Amino acid sequence: LQIELSEKEKAFYEALRLKAIKKLNNKDVPAGQKHLQILAEIMKLRRACCNVKLVEDKIDLPSSKFNAFTEILEELLENKHKALVFSQFVDHLAILKKYLEENKIPFQYLDGSTSMKERKLRVDAFQQGEGEVFLISLKAGGTGLNLTAADYVIHMDPWWNPAVEDQASDRAHRMGQKRPVTVYRLVAKDTIEEKIVDLHKHKRDLADSLLEETDMSGKISADELLNLLKSK
């Protein structure tokens with residue numbers, strides 16, 4: 001789903017993008033640090049696409065992605081569906097968790113800090129009907145979970161390696177699943193999210209080296225990375 005950001009969100013995002021370009025054009029930045037600095041700025045833009053609070057917590061600006069999430073969830077719950085909700089940002093999940101608590105929507109939760117014992121208890125509870133929603137950090141939930149009680153999957157922010165995202169979605173599409181599984185991917189329109197998802201379709205090796213945030217020496221230049229930020 002392409003999410004149209006509000007005018008204020010667009011203004012914040014654009015200011016952040018221009019600030020990043022200015023910062024990265026600084027000639028004093030050592031060449032060896034350039035890649036890491038650009039990735040750090042790209043990460044800020046990715047977080048801003050989700051919710052401005054994830055970049056600047058003092059700014060109380062409604063999130064278009066959050067609003068889309070609540071609308072989708074309301075419809076799913078009305079029709080007796082259950083959903084797995086993934087994000088790669090734990091503080092993004094915290095915002096969704098607060099919403100579920102305030103609206104008394106029963107849910108389960110796990111991230112990378114959840115112990116294996118607790119993880120099993122929460123999975124079993126969900127499978128037995130305790131919770132309409134399961135909030136999961138993407139890396140914590142990519143493998144080893146069987147969550148066929150859910151028939152919807154919502155990715156709040158696109159994971160740059162589609163294989164990891166697919167592994168996460170497959171938690172609901174396991175043996176024993178008797179219903180079709182529907183997967184939603186929320187992508188902020190006209191942002192770095194769209195560009196990187198598009199890049200992945202056309203230049204897979206390049207995208208993998210960037211989006212897995214692995215060592216990119218010899219694979220992608222700092223200038224190519226910078227162009228992702230510069231092009232609108």
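Which residues in α1 are buried? In this predicted model, the buried residues of α1 are Glu9, Phe12, Tyr13, Glu14, Leu16, Arg17, Ala20, Ile21 and Leu24. Helix α1 covers residues 7–24, and because its 18 residues should span 26 Å at 1.5 Å a residue, the 26 Å between its end C-alpha atoms agrees with that expectation.

Turning to charged contacts, the structure holds 11 salt bridges, one of which joins Glu4 to Lys189, with the closest N and O atoms 3.6 Å apart. Glu4 lies in the loop between β1 and α1, whereas Lys189 lies in the loop between β7 and α7, so the pair ties together parts that are 185 residues apart in sequence. Glu4 is partly exposed, with a relative accessible area of 43%, and Lys189 also counts as partly exposed, at 30%. These two residues belong to a network of salt bridges that links Glu4, Glu7, Lys10 and Lys189.

Other salt bridges lie within a helix. In helix α2, Lys44 and Glu41 are 3 residues apart, about one turn of the helix, and their closest N and O atoms are 3.6 Å apart; here Lys44 is partly exposed at 33% relative accessible area, while Glu41 is buried at 6%. In helix α5, Glu118 and Arg122 are 4 residues apart and thus separated by about one helical turn, and their side chains meet in a salt bridge of 3.0 Å, N to O.

Key
Residues are numbered from 1 along each chain as its sequence is written. This is a predicted model: local features need pLDDT of at least 70, side-chain atom pairs count only at pLDDT 80 or more; totals for chains, interfaces and linings use all residues. Side-chain values use heavy atoms; hydrogens and water are left out. Helices (H or I, at least four residues) and strands (E, at least two) are DSSP runs, numbered from the N terminus. The expected span of a helix is 1.5 Å times one less than its number of residues. Buried means under 20% relative accessible area, exposed over 50%, partly exposed in between (1.4 Å probe, protein chains only). A salt bridge is a side-chain nitrogen of Lys or Arg within 4 Å of a carboxyl oxygen of Asp or Glu.
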